[in-house]
Amino acid sequence: MSHNAVVIGGNRIPFAKAGGPYAEASNHDLLTAALDGLVARFGLAGTRVGEVAGGAVLKHPKDFNLTREVVLSSALSPATPACDLQQACGTGLETTIYIANKIALGQIDVGISAGVDSASDAPITVSDGLKRALLRANRARSAAERAKALAGIRPRHLAPQAPGVAEPRTGLSMGEHQALTTERWGIGRTEQDELAAASHHHLAAAWDDGFFDDLVTPYLGVAKDAILRPDTSVEKLAKLKPAFGGPQGTMTAGNSTALSDGAATALLASEEWARENGMPVLARFVDAEVAAVDHPGGDDLLLGPVAATGRLLARQGLTPNDFALIEIHEAFASTVLATLKAWEDEDYCRGLGLDGAIGTLDRARLNVAGSSLAAGHPFAATGARIFPTLAKLLHERGPGSKGLISMCAAGGQGVVAILEAV
Amino acid sequence: MSTVTLDAMPGMGAAFARALVPSRAKDARVPAHEVRVPGHRQDVARLADYCRVTGFTLRDAVPPTWIHVLAFPLHVHLLGDADASVRLAGAVHVSNAMTLHRPVSLTERLDLAVTAGNVRAHRRGALVDLSATAQADGETVWSGVSTYLASGMRAPGTPDDSPHPPFAPVTPHARWRLGSTLGRDYRRVSGDPNPIHTSRLAAKGFGFSRPIIHGMWTHARALAALEQRLPAVYSVEVDFAKPVALPGTVGFHAADAGGGWDAAVTSRDGTKPHLLMRVRP
């Protein structure tokens, strides 16, 4: 049985820099605020929703059932099931695909996808040595055995461990990986700063137009994305010192995303359910694809979405020109620019197993309401921010308008999806 | 009634130290004036800490028990007045009632005011009500009444000895493990410096073998357990039946009461009540 999975809308809280206004809030708090805003916006209080799928990249062990616990804190019916998914920065898009697929298969009528991350409340854990000693002591059957296990604890085991920011197999941070890609693809400083400035200007214009009035609920006194700098310019960005790639590097704090706190949700349903319940129908979920590259073997860490895009467009018989709008997640400005260059590169695309270059993008269709450089990037939330944003933008352009979302993720992965306005 | 307006929330240390000095007066007396702090700004970090300690989710709409915590220093201040013979430190918080008249946002500035009154006889001493209100832009958004028993004191009238309704044992559907540091944690977020909650020695002085958790923590925790099942605005009454010693384990039971809730914090096995709570829309 096949149904049209449609986007009804979305709701998020304004995003903010880590350690800022949400410094005291947990993933649970942030996601509850975003979800309750969605529930209020669409009158879902007390409703049993088919399923809520959410996730966080930086997650405390006690939050093993984060999304279900959030549902229990929300105004949704407590009979609403939920699951946690995680695919690094692709999480918020992957949860959306999961919900859309269940709707398309007729397994649920209505579902909510979500993502949240708090870089302010990142889990600090104990060292592996301490953990093993404590677990051994816990399993001990006698006091002597327990004492022996605890005697194995060394001072070096006691230092708390912050979550890793480096790729486990390469030891390089995401910024360091992207610096290699930036260099390899010859991405210049000015074009990165131009992309960053455009992101801020586009997002500021969308806020000024009231575009986010039905997509964002204020939280803790923050009513608007707090990282956004409407008055930034290429000139101002040009003054920043390199953050990655050494003294000659071109990547700065201005053209890289900031560590952020935030949460986002999207409401999806079968077209029948949406119509029966008098809900707006913005866009139809068309298809999605995931891919990965061999970054431990030297591939560009954040170009995973290129293969996913190529395979997805081939399957759907589409080219970049068929899309009214394209959203490429701005992990770094140079990620977007390298992605676009890779789309045009015949050899690179063939090397991915594609039939040839994906094509050239008309830049006027790219990230027209701003993206992660300006909004911020609470890892798992970003996909669930982009999805309803794009659905609304496409809906404004009229039925049949198509949009593509491309998201890079740690582990050399990429998640892409297609929407079509209804 | 005269009103004393303070510029800022008073500290509780000195007033509490005064309140620890036993009163030689036998007749329960409370000040006749109102104490008020206008435009109190709520602190997000403290609210977040309060939510972590009590189990609430940090939301824009604040828990009503949080507003009680905000007004509490004014209770201490008022009873620290020379006109008062009732000492808060030795008084027993026997019941509490509060009404959330509309959802209150943490970004709102609150005008907080408290009065004391309704002094009446009880078979073990005198009962006194400490009443508080929170207003935002002239509108009363929250009001509360905390009833204390001043043991051994006198008040006019015949003791109202209506017995507690009998408690029917319940099967708890939740178990809370209260750690030994909980009293210190709640002192940090509530500011209530009463050492009976944190010191074994002080607890012994008041006849308890171990420190006891603040009744208003148990109240807040019980509301937090119901969280989104609570109506948007509601009244809630609690009776503090028996203190909870720290560390300790208690049971929790809640039942739908036609749009509201009847809940109980009980002994672990559900046979004895610590707190009885009624929530009504």
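Chain A comes out with 14 helices and twelve strands, where helices are DSSP runs of H or I with at least four residues, strands are E runs of at least two, and both are numbered from the N terminus. This is a predicted model, in which local features need pLDDT of at least 70, side-chain atom pairs count only at pLDDT 80 or more, and totals for chains, interfaces and linings use all residues. Residues are numbered from 1 along each chain as its sequence is written, while chains are lettered from A and ligands numbered from 1 in the order in which they are written.

As for overall shape, the C-alpha atoms of chain A fill a box of roughly 75 × 55 × 45 Å along the principal axes. The radius of gyration of chain A is 22 Å, which agrees with the value near 22 Å for a compact globule of 422 residues; the radius is taken over C-alpha atoms, and the globule rule is 2.2 Å times the number of residues to the power 0.38. Some 54% of the 422 residues of chain A count as buried, meaning 20 or more other C-beta atoms (placed from the backbone) within 10 Å of the residue's own. Of the contacts in chain A with a separation of 6 or more, 82% join residues 24 or more positions apart; a contact needs C-beta atoms, placed from the backbone, within 7 Å.

Where the two chains meet, twelve residues of chain A are in contact with eleven of chain B. Helix 1 (residues 27–41) of chain A gives the most to the chain A side, with four residues. That side divides into five nonpolar, five polar and two charged residues (nonpolar: Ala, Val, Leu, Ile, Met, Phe, Trp, Tyr, Cys and Pro; charged: Asp, Glu, Lys and Arg; polar: the others, Gly among them).

Chain B splits into domain 1 (1–159) and domain 2 (163–281), with bounds from an automatic or database domain assignment. Their C-alpha centres lie 19 Å apart, and 30 residues of domain 1 of chain B touch 28 of domain 2 of chain B. On the domain 1 side, strand 3 of chain B has the largest share, eight residues.

The largest nonpolar core has 213 residues, and A:Ala34 and B:Val128 are among those with the most contacts inside it; such a core is a set of buried Ala, Val, Leu, Ile, Met, Phe, Trp, Tyr and Cys residues joined through C-beta atoms within 7 Å. Helix 3 of chain B gives the most to this core, with ten residues. Both domains of chain B contribute, so the core lies between them.

Notes:
Buried ≥ 20, exposed ≤ 12 C-beta atoms within 10 Å, placed from the backbone.
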